[in-house]
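Student: I have a model open and would like to know what its labels rest on. Please take me through the terms one at a time.

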Amino acid sequence: MAKSVEQILANVDLYADDQRENLLAAAAAARTGCPVPHTEADGGYHLLTRYDDVRAVCGAPELFSSAQPAIRGVPVRVIPIDADPPEHREYRRILNPFFTRAALARHEPQLRELARTTVESFVDRGACDVVADFAIPFSAGSLARIVFATDNRDLVDRGVAAAKDAAVTSSPEAFQTLAGLAMEALAEAEANSDDGADTVLRALVTATIDGRPLTLEERLGIVTTLFLGGLDTTRGVIANIAYHLATREDVEPILRKPGGWHRELEEFLRLETTVAFMARTATQDTEIGDTPVKAGERVAVFFAAANRDPERFERPDELVFDRPAVPHVSFGFGIHRCLGLHFARIQLAVAFEELLARTTRFRLADGAEIRRQVGLSLGSPYRLDVTFDRV
């Protein structure tokens, strides 16, 4: 049974299933009374509910460390998410060139072919589970092809399969398999480091920081982060947009707009924040607004709540496609602003352009039970069963 707003605010737990339904409502209530509530869950942390506080904390890495970026911790390094300056700058220096819009544009033909093949696998049925049939194979396949950028088709195919498994199960075993494939791909890149190939993996095996090569732990940490950061997020956004496509008549014309739907995409990203929160640790005694925070205390940066702050967005709980600007924090803010934001936008544009090239009039399937987790990443049990007409 879902807890009420009052019950949630008595002791917020961002991981509790019985709090998810009313969690954003609880954050809204907190803004007007106690905008930085403290909870004893998971060892205790302060929860940020206001847009300005989220930007302030993310914009001050010297005061709020990212060394432990998950509330419950992670068993491996997730570089560069868990790195602070100056180390963080060096990792991003290696990676940034591969994730510019111009660099990623060269992969668009591959992504389109993958999207078309994926749509072809279900279009004749006139129905699909958007998550299992489209979002997962497309996002996992895209990521594996970009990260394992090699002519070794067997390695790429195994990478795609492992990425799909990780996206579906999120199990330690699945990510161990990905790590093993990453080691294999890194070894291949190192053996061929003189071939002039311009890939992420080659950069990792040839780059240096302060004159030293990256350690194996650093290389694997970066590859793991690329998969963790790109699997669940893109899958979730595709599913969320498809939900609106199936439940609102005004969405399909928007997605078919000549010249694209760039501004509208930002509104989808704002309302449906798939990376709902991350953690920071105070490095010294400080304050967030009027709330004192001691050195060593944890802070949960609640991006989903910030994106619905009425002080920044009118009608914050609605999709408003004609907003003059959508300065959301769905990709984070500050030095940790998402490395893959251009990749995500390209994938989303390609996914729906190719989907709607073959389909139209999406509807929720009769009897479909839709688990909506607004503002939170969509877990593996999530389904989105729809029907559609062929174009």
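Tutor: Start with burial: buried means under 20% relative accessible area, exposed over 50%, and partly exposed in between, with a 1.4 Å probe and protein chains only. The model is predicted, so local features need pLDDT of at least 70 and side-chain atom pairs count only at pLDDT 80 or more, while totals for chains, interfaces and linings use all residues. Residues are numbered from 1 along each chain as its sequence is written, and side-chain values use heavy atoms, with hydrogens and water left out.

Student: Why is Leu255 called buried?

Tutor: Leu255 has a relative accessible area of 5%. The cut-off is under 20%, so Leu255 counts as buried. Leu255 is found in helix α13 (residues 251–255); helices are DSSP runs of H or I with at least four residues, strands are runs of E with at least two, and both are numbered from the N terminus.

Student: What does Leu255 touch?

Tutor: Contact means heavy atoms within 4.5 Å. Not counting residues up to four places away in sequence, Leu255 touches Ile241, Leu245, Trp261, Phe268, Phe352 and Leu356.

Student: What makes a set of residues a nonpolar core?

Tutor: The members are buried Ala, Val, Leu, Ile, Met, Phe, Trp, Tyr and Cys residues joined through side-chain atoms within 4.5 Å. The largest such core has 89 residues, and Leu201, Leu204, Phe227, Ile238, Leu255 and Phe352 are those with the most contacts inside it. Helix α12 (residues 216–247) gives the most to this core, with 14 residues. Apart from it lies another core, of 19 residues, among them Ala41, Leu47, Phe302 and Ala304.

Student: Why is the pair of Phe122 and Phe134 called edge-to-face?

Tutor: Rings of Phe, Tyr and Trp (its six-membered ring) pair if their centres lie within 6.5 Å; planes under 30 degrees apart count as stacked, over 60 as edge-to-face and the rest as tilted. Phe122 and Phe134 have ring centres 6.1 Å apart and planes at 75°, so the pair is edge-to-face. Phe122 is in the loop between α7 (108–120) and β4 (127–129) and Phe134 in helix α8 (residues 130–147), so the pair ties together parts 12 residues apart in sequence. Both are buried. Phe122, Phe134, Phe138, Phe362 and Phe388 form one aromatic cluster.

Student: How do you know that Asp129 is buried or exposed?

Tutor: Asp129 has 5% relative accessibility, so Asp129 counts as buried. Asp129 is found in strand β4, and among the residues it touches are Phe134 and Arg383.

Student: What makes Arg270 count as lying over the face of Phe313?

Tutor: A charge sits over a ring if NZ of Lys or CZ of Arg is within 6 Å of the ring centre and within 35 degrees of the ring normal. Arg270 lies over the face of Phe313 at 5.3 Å from the ring centre. Arg312 also lies over the face of Phe313, at 5.9 Å.

Student: Why is helix α16 described as largely enclosed?

Tutor: In α16, 13 of the 18 residues are buried, so the helix is largely enclosed by the rest of the structure. Helix α16 (residues 341–358) reaches 27 Å from its first C-alpha to its last, close to the 26 Å expected; the expected span is 1.5 Å times one less than the number of residues.
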